[in-house]
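Here are some exercises to work through with a structure on your screen. Try each task yourself before you read the solution.

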Amino acid sequence: MTDELYMQQALKEAQRAFDEGEVPVGALIVMNERIIARGYNQVEKLTDPTAHAEIIALTAAFNFLGSKYLPEATLYVTIQPCLMCSGALYWSKIGRVVYGAEDEKNGYKRVAQHISPFHPKTVITGGILQKECAQLIKDFFKARR
């Protein structure tokens, strides 16, 4: 599969969040061309500000593998990870992070402009299905106003 096809799956997770009244962010973790974990924002549902899509997907992957490290895995997430999620991804030693839309307000680049908050070996790719990912977020907040 391609980055675009995996991002479409992450968008399905984001739509689940949207449908449940959560900020629509979806994530999945792929290893050896197999989806091993999925997650979507559940901050409101769990009354937990750390229940971001990336954190939920990471926890599911750790449980699935019985390991706390993911050097062979790729995270697909519909929006640029925040600094908290970037820290969790750092500690997971994930091999690759692929995100859709930029997040100028809450993304890691807002704080970590000159250094990467990810593990030195983590490869970052942004802008995959950027329009689709950004539109879902825009639609969510437009409906809330």
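**Exercise 1. Work out how helices α3 and α4 pack against each other.**

Solution. Keep in mind that this is a predicted model.

Step 1: Find helix α3 at residues 53–65 and helix α4 at residues 83–92. Their axes are 10 Å apart and meet at an angle of about 20°.

Step 2: Compare the angle with the cut-off: angles under 35 degrees count as roughly parallel. Therefore α3 is roughly parallel to α4.

Step 3: Look at the handedness; α3 passes α4 in a left-handed crossing.

Step 4: List the residues that make the contact. From α3 come Glu54, Ile55, Leu58 and Phe62, and from α4 come Met84, Cys85, Ala88, Leu89 and Ser92.

**Exercise 2. Classify the aromatic pair of Phe18 and Phe140, and say which helices the pair ties together.**

Solution. A pair of aromatic rings is described by the distance of the centres and the angle of the planes.

Step 1: Start from the count, which comes to four aromatic pairs.

Step 2: For Phe18 and Phe140, the ring centres are 5.8 Å apart and the planes stand at 70°. Planes over 60 degrees apart count as edge-to-face, so this pair is edge-to-face.

Step 3: Phe18 belongs to helix α1 (residues 3–19) and Phe140 to helix α5 (residues 130–144), so the pair ties together parts that are 122 residues apart in sequence.

Step 4: Check the accessibility. Phe18 has a relative accessible area of 26% and is partly exposed, whereas Phe140, at 4%, is buried.

Step 5: Widen the view: ring pairs link Phe18, Phe140 and Phe141 into a cluster.

**Exercise 3. Now classify the aromatic pair of Tyr90 and Trp91.**

Solution. 

Step 1: The distance is 5.0 Å centre to centre, with 85° between the planes, and the pair is edge-to-face.

Step 2: Tyr90 has 31% relative accessibility and counts as partly exposed. Trp91, with a relative accessible area of 64%, is exposed.

**Exercise 4. Is Thr78 buried or exposed, and which residues does Thr78 touch?**

Solution. 

Step 1: Locate Thr78 in strand β3, which covers residues 73–79.

Step 2: The relative accessibility of Thr78 is 3%. Buried means under 20%, so Thr78 counts as buried.

Step 3: Leave out residues up to four places away in sequence; Thr78 then touches Met7, Ala10, Leu11, Ala14, Pro24, Val25, Gly26, Gly100, Ala101 and Cys133.

Conventions
Residues are numbered from 1 along each chain as its sequence is written. This is a predicted model: local features need pLDDT of at least 70, side-chain atom pairs count only at pLDDT 80 or more; totals for chains, interfaces and linings use all residues. Side-chain values use heavy atoms; hydrogens and water are left out. Axes are lines fitted to C-alpha atoms, for helices over the stretch in contact, and angles run from 0 to 180 degrees between N-to-C directions. Helices (H or I, at least four residues) and strands (E, at least two) are DSSP runs, numbered from the N terminus. Angles under 35 degrees count as roughly parallel, over 145 as roughly antiparallel, 65 to 115 as roughly perpendicular and the rest as oblique. A crossing is left-handed if the near helix is turned anticlockwise from the far one by less than a right angle, and right-handed if clockwise. Contact means heavy atoms within 4.5 Å. Rings of Phe, Tyr and Trp (its six-membered ring) pair if their centres lie within 6.5 Å; planes under 30 degrees apart count as stacked, over 60 as edge-to-face and the rest as tilted. Buried means under 20% relative accessible area, exposed over 50%, partly exposed in between (1.4 Å probe, protein chains only).
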